[in-house]
Amino acid sequence: MKTIDDLGDLRGKRVLVRSDFNVPLDGTTITDDGRIRAALPTLKRLVEAGAKVIVTAHLGRPKGTVDPAFSLAPVAERLGELLGAPVTLAPDTIGDGAKAAAGELGDGQVLLLENIRFDARETSKDDAERDGLARELAGLADVFVSDGFGVVHRKQASVYDVAKVLPSAVGSLVQTEVEALRRATVEPERPYVVVLGGSKVSDKLGVIANLLTKADRLLIGGGMVFTFLAAQGYRVGNSLLEEDQIDTVKGYLATAADRGVQIVLPTDIVVAPEFKANSPATVVAADDMPADQIGLDIGPKAGDQFRAAILDAKTVVWNGPMGVFEFDAFAGGTKAVAQALVDATSRGAFTIVGGGDSAAAVRTLGFDEDGFSHISTGGGASLEFLEGKTLPGIDVLN
Ligand code: ADP
Ligand code: MG
């Protein structure tokens, strides 16, 4: 993989950068600027090198039409603040406005093109359509830097096709992410422990199947745990259950037993009658869940059990919250796992948090990001990496 260093002297060169600025918005207010911050190292570096920097990115799902609600204007403003120099927002994605603005750029200046998903060709399944947009983008620049880790698993014009047209390199964010995920997936230091949670088993089937060939221990929590408990013959009350996955999960349990992969399921569960923040919580045994209750978190004994299974690891990957951490009463399991990762890190383990909600959980529960070896910015991309898939946006750079 070529890096920015391999692109030579960039002074005066026009550099097209794909970043991931898909931040959560409340109206026009950015509620978490983590992704913009994550893009800074590459952008600062290009600015310092004296390049003319043209950034393309998407925000939300405007469905291929211009929709002002998805304008990148709030991002341009915040990016300017963080860079300490104004960032111009082009009036359009790749029209006359964008071309004129790109032409006026001085060395070390930054231009942000309007939301790339205003153009339906960006996500088209038709190769020729995507190629058409990619060539227009390429027409603005001399080289391409791929730095939007959250989108590298997408075969899209500004991620994949453009890299076939221009001399290309990875930016430092994508490079850091790929190095961290490789370290955890290609010959990981053992014991290799994976903690999986989140809402549904069906979202993570591919990941589980692949990890059964790699991990030493698989800890299961979150909403998906109830399908595992049901596969063991337990009743799970009104908890999230995917009945159509029970057989698949039985297959996983059998494979794990065959291969000597340890699957750790929680021994107790925090339940409540309703899916609500203030619904009265009680702790029950995982094999004795009341019929009229919903499992909303792993229990305190499970927290200790998971902690013990994490602490002696040399590599830990965690994806998916252990419970409905958005409600205080059901955040205990997620906190316990986060703390165990922090402690494992300080004992020398290499620890990764992947998944959008898991990363958000770590931040909102008040953990210091430095306590983990790596927090991935790309939910879907990191999952596909763990599945062992090749990511089109990375593959194309090789
Ligand atoms: P990530 O984005 O980290 O990959 P997911 O999107 O798979 O994670 O799942 C996150 C969601 O799972 C959270 O919103 C959380 O509330 C939900 N969740 C966790 N445990 C449960 C549960 N027991 N029942 C229902 N939802 C759950
Ligand atoms: Mg999620």
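## A patch of positive charge

A surface patch here is made of residues with over 30% relative accessible area and no salt bridge, with like charges joined within 9 Å. In this predicted model, one such patch of positive charge brings together Arg61, Lys63, Lys125 and Arg154 on the surface.

Take Arg154 from that group. You'll find Arg154 in the loop that runs between strand E7 (143-146) and helix H5 (157-165). Its relative accessibility is 36%, so Arg154 counts as partly exposed.

Next, look at the loop between strand E12 (268-272) and strand E13 (282-285), which is where Ala277 sits. Ala277 counts as partly exposed because its relative accessibility is 45%, and partly exposed covers the range between under 20% (buried) and over 50% (exposed).

What does Ala277 touch, leaving aside its neighbours within four places in sequence? The contacts are Phe327, Ala329 and Phe330.

## Gln245, a buried loop residue

Gln245 also belongs to a loop, this one between helix H8 (225-231) and helix H9 (246-259). Is Gln245 buried or exposed? Its relative accessible area is 12%, so Gln245 is buried, given that the cut-off for buried is under 20%.

If you set aside the neighbours within four places in sequence, Gln245 is in contact with Ser202, Leu205 and Thr227.

How values were computed. Residues numbered from 1 in each chain as written. Chains lettered and ligands numbered in written order. Predicted model: local features only at pLDDT ≥ 70, side-chain atom pairs only at ≥ 80, totals over all residues. Heavy atoms only, no water. Patch = residues over 30% accessible without salt bridge, like charges linked within 9 Å, V, L, I, M, F, W, Y side chains within 5 Å. Areas by Shrake-Rupley, 256 points an atom, 1.4 Å probe, with all protein chains shown as cover. Salt bridge = Lys/Arg side-chain N within 4 Å of Asp/Glu carboxyl O. Lys, Arg positive; Asp, Glu negative; His and termini not counted. Charge placed at Lys NZ, Arg CZ, Asp CG, Glu CD. Helix = DSSP H or I, 4+ residues; strand = E, 2+ residues; numbered from the N terminus. Buried < 20%, exposed > 50% of the residue type's maximum accessible area, 1.4 Å probe, protein only. Contact = heavy atoms within 4.5 Å.
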